[in-house]
Amino acid sequence: MADRTQAADVTFEDVKRAAKVIEGAVVRTPCDLSFTLSHDLGADICLKFENLQFTSAYKERGALVRLSALSDAERKRGVIAMSAGNHAQGVSYHAGRLGIPATIVMPEGTPAVKAENTKRWGAHVILEGKTLEDSARFARGYCEQHGLVFVHPFDDPLVIAGQGTVAIEMLEAMADLDVLVVPVGGGGLVAGMAVAAKAIKPGIEVIGVEAALYPSIYNKIKGTNLPTRGDTLAEGIAVANPGVLTTEIISRLVDDIVLVSETDLERATFALLMIEKTVVEGAGAAGLAAVMADRQRWKGRKLGLPLTGGNIDPRLLASVLTRELAREGRLSRLTIDIPDRPGELSRVSAVLGQAGANIVEVYHQRVFTDLPARGTELNLVIETRDRSHLEGVLAQLEAKGYRVIVKTGQAAG
């Protein structure tokens, strides 16, 4: 498989053939202008809602194209894939639909929602390895041992061609796009989209976006040696070793690679939920994260952003939402030193109530503090409308003689 991939290339004709293969079997997702994001960011923001695919991610495009090319003998033997989640679901769903046995190897830290959704369509799921690269090594050995066909998540010409169909659909919906801003992990999506987009509209820019914790393509293209490590919200693009073919295509056709921080990713995920009312995983929000982080670069241009997936763990999404509320000053933790006597909590509560703040949590700390024995540390989590409202609440507390230490998410921003 590796030798075939390295010797191959992907052409626009390949992408057009892939579009015919997936027609009727993969959702042609909406591509719409976001009026609110466009107004707020000073550029026309056009969103391609690949999070609305049946498996909630674009990955099933390439998976279906690859599976459709199997011979009868290969279909009978079955396939194996390694994936952090979305490729796994795409392979599992379409393999099940086509009657092909499928084994999926996933990293041990894969979000539960992705692992469970993969099992739902009948695939045999093996959780093995700390990273995608660890899973890949195990999967290749398992593949040889059991005589299966390996379906690579990105470094395969057919998979790349399948992912490139996203660009065809976006430019058919909005032919006047100036730039495509595309999340990058192994590089299959941005490579395929670049092949198609540059053929349809040679002057269009294609910009890849990586999580700053996993700058693997960035390092190869820019000649840098930034570390790849850590837990990222965008685990779907947390790839330490990108593909050989994808890197070659990206170096030829992609205009730039940019990096986004974890805070950028969180803010973009939050914005898409609050403004577009759509759930997007961290990797899927990477394009918007790049635009929000460097607004001046994109000002006045028409941008196409594929929202590549929506498979985010609910607990992780809840954490992102509360952290962003804290950054905006809408959730804050207050620490107030008060005398340990009856009625003192009531007096603090009255001040907060008069100021229009809502108390979410409250507890006292009497033991682990350096206050005198007759004092106590009052800890509160309060809800306010915004940072300006919070400042007004703090002013009223201080006017009543309370010394307040406030913790919001501002430092994390």
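A cavity is a set of grid points where a 1.4 Å probe fits but cannot get out, and its lining residues have an atom within 4 Å of a point. In this predicted model, the largest cavity is lined by 29 residues, and those lying nearest its centre are Y58, K59, G185, G236 and I237.

**The cavity**
- The structure holds one cavity of 30 Å³ or more, and about 300 Å³ of space lies in the largest cavity.
- Two helices, α6 (86-98) and α10 (188-200), each supply at least two residues of its lining, with α10 giving the most, namely three residues.
- Sorted by class, the lining of the largest cavity comprises 14 nonpolar, 11 polar and four charged residues.

**The largest pocket**
- The largest pocket holds about 670 Å³ of space, and among the 25 residues that line this pocket, G109, G230, D231, T232 and E235 are the closest to its centre.
- At least two lining residues come from each of α8 (132-146), α13 (262-276) and α16 (314-327), and α16 gives the most, with five residues.
- The lining of the largest pocket has nine charged residues alongside 10 nonpolar and six polar ones.

**A nonpolar surface patch**
- V27, F54 and W121 together make a nonpolar surface patch of about 260 Å².
- One of these residues, W121, is found in the loop that runs between α7 (112-120) and β5 (124-127), and W121 counts as partly exposed because its relative accessibility is 30%.

Definitions and conventions. Residues numbered from 1 in each chain as written. Predicted model: local features only at pLDDT ≥ 70, side-chain atom pairs only at ≥ 80, totals over all residues. Heavy atoms only, no water. Patch = residues over 30% accessible without salt bridge, like charges linked within 9 Å, V, L, I, M, F, W, Y side chains within 5 Å. Areas by Shrake-Rupley, 256 points an atom, 1.4 Å probe, with all protein chains shown as cover. Salt bridge = Lys/Arg side-chain N within 4 Å of Asp/Glu carboxyl O. Helix = DSSP H or I, 4+ residues; strand = E, 2+ residues; numbered from the N terminus. Buried < 20%, exposed > 50% of the residue type's maximum accessible area, 1.4 Å probe, protein only. 1 Å grid on protein atoms, 1.4 Å probe; cavity = no way out; pocket = protein on both sides within 12 Å on 5 of 7 lines; lining within 4 Å. Points joined across faces, edges and corners; volume = space filled by probe spheres on them. Nonpolar A, V, L, I, M, F, W, Y, C, P; charged D, E, K, R; others polar.
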